[in-house]
Amino acid sequence: MKKNIFIIFILIISAVLSGCSLKPNVEKLYKEETPLEAEIIIPNNFSDNEKETIQVNLTQEGEKVKDADFVHFEIWKQDGTVKYYMEEANNQGNGTYSISKDFDSEGLYFVKVHAGNKGSIIMPRKQFVVGELSESDLDFLRKGTQSEIEVHEHHH
């Protein structure tokens, strides 16, 4: 009797598992994402107390993204004394988006671009220097950016 129950159990399991086999070309049922790509362009020299423009060039599928779903810039100083909260970028046309800011203190800064188009969302980040670096900025760079990532990363 136990042997018959075991055989029936095996047959049921086999029938259930055979229904789980993959259909041919099943990968075509999934959405293929076309990644958004960004090139952040920072001026070669920043001066404190002067308005500077930071740009990002967006491409997707090898084409310039002329009307992205959204593009925002977020800028902060490494030591936390300056923070420009997320702000919508100006569409300059031809896939270029920009923001202009006054930087009134010297030091190490970061810019993060929040961009999305056709379901692809990216948040590239780049560091830049305004004027001269302080000793604490130099120490930060020597230690690496891991501590900055832990302090700054958060959800919006």
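In which helix do arginine 142 and aspartate 139 both lie, and how many residues apart are they? Both lie in helix α2, 3 residues apart, which is about one turn of the helix. The model is predicted: local features need pLDDT of at least 70, side-chain atom pairs count only at pLDDT 80 or more, and totals for chains, interfaces and linings use all residues. Residues are numbered from 1 along each chain as its sequence is written, and side-chain values use heavy atoms, with hydrogens and water left out.

**Overall architecture**

- The chain comprises 3 helices and 10 strands, where helices (H or I, at least four residues) and strands (E, at least two) are DSSP runs numbered from the N terminus.
- From the N terminus on, the elements follow the order α-β-β-β-β-β-β-β-β-β-β-α-α.
- Of the 156 residues in the chain, 31% are buried; buried means under 20% relative accessible area, exposed over 50%, and partly exposed in between (1.4 Å probe, protein chains only).
- Among contacts with a separation of 6 or more, 62% are between residues 24 or more positions apart, a contact being heavy atoms within 4.5 Å.
- The chain exposes about 10700 Å², of which carbon and sulfur atoms supply 52%; accessible areas come from the Shrake-Rupley method with a 1.4 Å probe, and for residues only the protein chains shown count as cover.

**Nonpolar core**

- In soluble globular proteins, nonpolar side chains tend to be buried together.
- The largest nonpolar core has 25 residues, of which Ile54, Leu58, Val71, Phe73, Ile75, Phe103 and Phe128 touch the most other members; such a core is a set of buried Ala, Val, Leu, Ile, Met, Phe, Trp, Tyr and Cys residues joined through side-chain atoms within 4.5 Å.
- Two or more residues of this core come from each of β1 (36–41), β2 (50–60), β4 (70–77), β7, β8 and β10 (125–130).
- Strand β8 gives the most to this core, with 4 residues.
- Leaving aside neighbours within four places in sequence, isoleucine 75 is in contact with Ile54, Lys83, Tyr84, Ile99, Lys101, Phe103, Tyr109, Phe110, Val111 and Phe128.

**Aromatic pairs**

- The count comes to 6 aromatic pairs, under the rule that rings of Phe, Tyr and Trp (its six-membered ring) pair if their centres lie within 6.5 Å, with planes under 30 degrees apart stacked, over 60 edge-to-face and the rest tilted.
- Phenylalanine 103 and phenylalanine 128 form an edge-to-face pair, because their ring centres are 5.6 Å apart and their planes stand at 80°.
- Phenylalanine 103 is in strand β7 and phenylalanine 128 in strand β10, so this pair ties together parts that are 25 residues apart in sequence; both residues are buried.
- The rings of phenylalanine 110 and phenylalanine 140 are also edge-to-face, with centres 6.2 Å apart and planes at 80°.
- That pair links distant parts of the chain, 30 residues apart: phenylalanine 110 in strand β8 and phenylalanine 140 in helix α2 (residues 135–143).
- Phenylalanine 110 is buried at a relative accessible area of 2%, and phenylalanine 140 is buried at 7%.
- One aromatic cluster consists of Tyr84, Phe103, Tyr109 and Phe128.

**Charged and polar pairs**

- There are 5 salt bridges, each defined as a side-chain nitrogen of Lys or Arg within 4 Å of a carboxyl oxygen of Asp or Glu.
- Lysine 101 forms a salt bridge with glutamate 87, with the closest N and O atoms 2.6 Å apart.
- Lysine 101 lies in strand β7 and glutamate 87 in strand β5 (residues 83–88), so the pair ties together parts that are 14 residues apart in sequence.
- Lysine 101 is buried at 13% relative accessible area, whereas glutamate 87 is partly exposed at 33%.
- Lysine 77, buried at 7%, forms a salt bridge with aspartate 79 at 3.8 Å between the closest N and O atoms; aspartate 79 is partly exposed at 39%.
- In helix α2, arginine 142 forms a salt bridge with aspartate 139, the closest N and O atoms being 2.6 Å apart.
- Arginine 142 is exposed at 58%, and aspartate 139 is partly exposed at 32%.
- Glu135, Asp139 and Arg142 are linked in a network of salt bridges.
- Histidine 114, in strand β8, is buried at 4% relative accessibility.
- The side chain of histidine 114 makes a polar contact with the side chain of glutamate 74 at 2.8 Å; a polar contact is a pair of N or O atoms within 3.5 Å, where within protein one must be able to donate a hydrogen and the other to accept it, and residues adjacent in sequence count only if both atoms are side-chain atoms.

**Positive phi angles**

- Asparagine 94, a residue other than glycine, has a positive phi near 55° and lies in the loop between β6 (90–93) and β7 (96–103).
- Lysine 118 has a positive phi near 50° and lies in the loop between β8 (107–117) and β9 (120–122).
- Asparagine 94 is partly exposed at 45% relative accessibility, and lysine 118 is exposed at 55%.
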